[in-house]
Amino acid sequence: MNYWLIKSEPSVWSFNDQKKAGFKGTTWDGVRNYQAANYLKQMKLEDHCFFYHSNEDKKIIGIVKVIKSAFIDPTDKEKKFVAVKVAYHKDLIEPVSLMDIKENKEISHLPLIKQSRLSVMPIDSKCWKIICKMGRI
């Protein structure tokens, strides 16, 4: 299994919206950055993703899992970019803020800090475990 972090502005699509979609999931589309799109292409069924609220909150709120691997993004008229389908998996008991991540030297190397505009990024298993512990799950 691989681990990822996906970002969404809560005013556009929040973790609560994702939870309401339930286990049937939703299409994670609209990604137009080539590096982020390449990460979407690498996602496999059952991979887990941290769900990060960008802009207003700047914190990891919960976890979703990939329920359909990469397919042509239906919102892309040129058919260049892909989407995946993700479903709610679980809440973090304690959301993990960007500030908490920056302050933890073991995970301060994450792309979340180094490439702050990237909307999809890999998370190594060591960092995944640390963030899960920070989130009390």
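K80 is partly exposed, with a relative accessible area of 48% (buried means under 20%, exposed over 50%, and partly exposed in between, with a 1.4 Å probe and protein chains only). The model is predicted, so local features need pLDDT of at least 70 and side-chain atom pairs count only at pLDDT 80 or more, while totals for chains, interfaces and linings use all residues. Residues are numbered from 1 along each chain as its sequence is written, and side-chain values use heavy atoms, with hydrogens and water left out.

K80 forms a salt bridge with E78. A salt bridge here is a side-chain nitrogen of Lys or Arg within 4 Å of a carboxyl oxygen of Asp or Glu. The closest N and O atoms of K80 and E78 are 3.3 Å apart. E78 is exposed, at 57% relative accessibility. In total, the structure has five salt bridges.

Another of these bridges joins D91 and K19, at 3.1 Å from N to O. D91 lies in strand β5 (residues 82-97) and K19 in helix α1 (residues 15-21), so the pair ties together parts that are 72 residues apart in sequence. Helices (H or I, at least four residues) and strands (E, at least two) are DSSP runs, numbered from the N terminus. D91 is partly exposed, at 29% relative accessibility. K19 is also partly exposed, at 31%.

R32 and D73 form a salt bridge as well, with the closest N and O atoms 2.9 Å apart. This pair links distant parts of the chain. R32 sits in the loop between β2 (26-28) and α2 (34-42). D73 sits in the loop between β4 (59-72) and β5, and the two residues are 41 apart. R32 is partly exposed, at 35% relative accessibility, whereas D73 is buried, at 0%.

The structure also holds eight aromatic pairs. Rings of Phe, Tyr and Trp (its six-membered ring) pair if their centres lie within 6.5 Å; planes under 30 degrees apart count as stacked, over 60 as edge-to-face and the rest as tilted. Y3 and W128 form a stacked pair, 4.4 Å centre to centre with 25° between the planes. Y3 belongs to strand β1 (residues 3-8) and W128 to helix α5 (residues 125-134), 125 residues apart. W128 is buried, with a relative accessible area of 6%. Elsewhere, ring pairs link F15, F23, W28, F51 and Y88 into a cluster.

K68 lies over the face of F71, at 4.4 Å from the ring centre. A charge sits over a ring if NZ of Lys or CZ of Arg is within 6 Å of the ring centre and within 35 degrees of the ring normal.
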